[in-house]
Amino acid sequence: MVKRAVEGGGSSRPGILDILRQVYVASLKDGRARTSSLGARLGVSAPAVISAVRDASAKKLVRTSKGLVELTPAGRRRLKVVMMGGAFEIIHPGHIYALAEAKRLGNTLVVVVATDESVRRNKDRAPVTDQALRVGLVSSLRQVDLALPGNKGSIYEILLRIRPDIVALGYDQRHSAEEIVREATKRGVPVRAARLGTNVPDLKTSKILLSL
């Protein structure tokens with residue numbers, strides 16, 4: 001369930017998709033991707049990263065300048081980014097199943113973790129844990145490439161930042177798939193929406209809290 005920590009830097013060379021994914025993730029998280037930081041993210045040595053980035057650059061999948069790396073349009077098309085949102089207050093098997101299903105829809109999964117205000121509004125109670133803790137927990141799950149804190153505005157604000165190819169909706173989320181596709185396309189982000197299933201429909205955070 002939880003990502004393994006990588007100690008030191010291995011010498012094995014990362015694949016093209018690994019490089020592209022980490023450039024995309026670093027750009028979202030930090031605003032830019034540095035060649036020097038990609039090795040730590042991938043758990044490989046600096047020479048291995050430099051070699052892989054040069055290969056990606058030769059294929060016109062990335063551009064490099066002064067130690068920074070960015071995806072080209074061709075490089076971005078190699079990624080199939082799935083965006084999923086939720087509160088993730090108490091991680092349970094239903095969450096793990098949904099995250100795994102969402103990841104199978106593409107090759108890069110970005111999870112947007114709801115604000116504390118959103119949890120209060122939708123569930124009429126305070127969240128079990130605050131947003132920062134929930135983001136940290138979701139970030140540790142191996143299915144997740146990046147967890148981002150949601151904002152207080154429209155969901156389309158963060159959608160414009162992520163620019164996903166697919167929006168994955170939980171089986172019980174209130175959002176309309178048709179509306180998301182329509183509104184995202186209107187904003188210049190053509191997406192596909194997919195409604196996820198569940199293997200434990202009776203397992204929800206609210207029921208877990210009632211049993212405590």
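What is the volume of the largest pocket? It is about 1300 Å³, a volume being the space filled by probe spheres set on grid points joined across faces, edges and corners. This is a predicted model: local features need pLDDT of at least 70, side-chain atom pairs count only at pLDDT 80 or more, and totals for chains, interfaces and linings use all residues. Residues are numbered from 1 along each chain as its sequence is written, and side-chain values use heavy atoms, without hydrogens and water.

**Pocket**
- A pocket is an open set of points on a 1 Å grid over the protein atoms alone, where a 1.4 Å probe fits, with protein on both sides within 12 Å along at least five of seven lines; lining residues have an atom within 4 Å of a point.
- The largest pocket is lined by 46 residues, and Gly85, Gly86, Ala87, Asn122 and Gln173 are the closest to its centre.
- Helix 6 gives the most to this lining, six residues.
- The lining has 18 nonpolar, 19 polar and nine charged residues; Gly counts as polar.

**Nonpolar cores**
- A nonpolar core joins buried (under 20% relative accessible area, 1.4 Å probe, protein chains only) Ala, Val, Leu, Ile, Met, Phe, Trp, Tyr and Cys residues through side-chain atoms within 4.5 Å.
- The largest core has 38 residues, with Tyr24 and Ile162 making the most contacts inside it.
- Helix 1 (residues 16–30) supplies the largest share of this core, eight residues.
- Apart from this core lies another of 19 residues, including Val82 and Leu99.

Conventions. Helix = DSSP H or I, 4+ residues; strand = E, 2+ residues; numbered from the N terminus. Buried < 20%, exposed > 50% of the residue type's maximum accessible area, 1.4 Å probe, protein only.
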